[in-house]
Amino acid sequence: MQPTAILNMARGKGKTIPIKLLSTAGTGYFYTTRRNVTATPEKFKFVKFDPIVRRKVLFTEAKIK
């Protein structure tokens, strides 16, 4: 085996998970991002721009299927 293959096998699982930020305006528009599970155990909530309604609205965390 090559040394780089051994290093990749020795790594553990990452602590970040991909999440979807879904618009509460009901348009179905979403952003995707990553979240560190250990550093932020609570769900994300952001105020971001929804281009369908052309306003800043609240985006809440949802699972990516």
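**Rings, charges and strands**

Modeller: Tyr-29, Tyr-31 and Phe-59 form one aromatic cluster. Keep in mind that this is a predicted model, where local features need pLDDT of at least 70, side-chain atom pairs count only at pLDDT 80 or more, and totals for chains, interfaces and linings use all residues. Residues are numbered from 1 along each chain as its sequence is written, and side-chain values use heavy atoms, with hydrogens and water left out.

Colleague: What kind of pair do Tyr-29 and Tyr-31 make?

Modeller: Rings of Phe, Tyr and Trp (its six-membered ring) pair if their centres lie within 6.5 Å; planes under 30 degrees apart count as stacked, over 60 as edge-to-face and the rest as tilted. The structure holds 3 aromatic pairs. For Tyr-29 and Tyr-31 the ring centres are 5.5 Å apart and the planes stand at 90°, so the pair is edge-to-face.

Colleague: Is Tyr-31 buried, partly exposed or exposed?

Modeller: Buried means under 20% relative accessible area, exposed over 50%, and partly exposed in between (1.4 Å probe, protein chains only). Tyr-29 has 28% and is partly exposed. Tyr-31 has a relative accessible area of 25%, so Tyr-31 is partly exposed.

Colleague: Which residue has its charged end over the ring of Tyr-31?

Modeller: A charge sits over a ring if NZ of Lys or CZ of Arg is within 6 Å of the ring centre and within 35 degrees of the ring normal. Lys-20 lies over the face of Phe-30 in this way, 4.9 Å from the ring centre. Over Tyr-31, at 4.7 Å from the ring centre, sits the charged end of Lys-48.

Colleague: And the sheet: what is the strand order?

Modeller: Helices (H or I, at least four residues) and strands (E, at least two) are DSSP runs, numbered from the N terminus, and two strands pair if DSSP finds at least two bridges between them. The chain has 1 helix and 4 strands, running α-β-β-β-β from the N terminus. The 4 strands make an open sheet with antiparallel pairing, in the order β2-β1-β4-β3.

Colleague: Which strands are at the edges?

Modeller: An edge strand pairs on one side only. β3 pairs with β4 (residues 55-62) in the antiparallel sense over 6 bridges, and Phe-49 stands opposite Lys-56 in β4. The edges are β2 (30-36) and β3 (45-50).

Colleague: Last one: what percentage of the residues is buried?

Modeller: The protein chain has 65 residues. By the cut-off above, the buried share is 15%.
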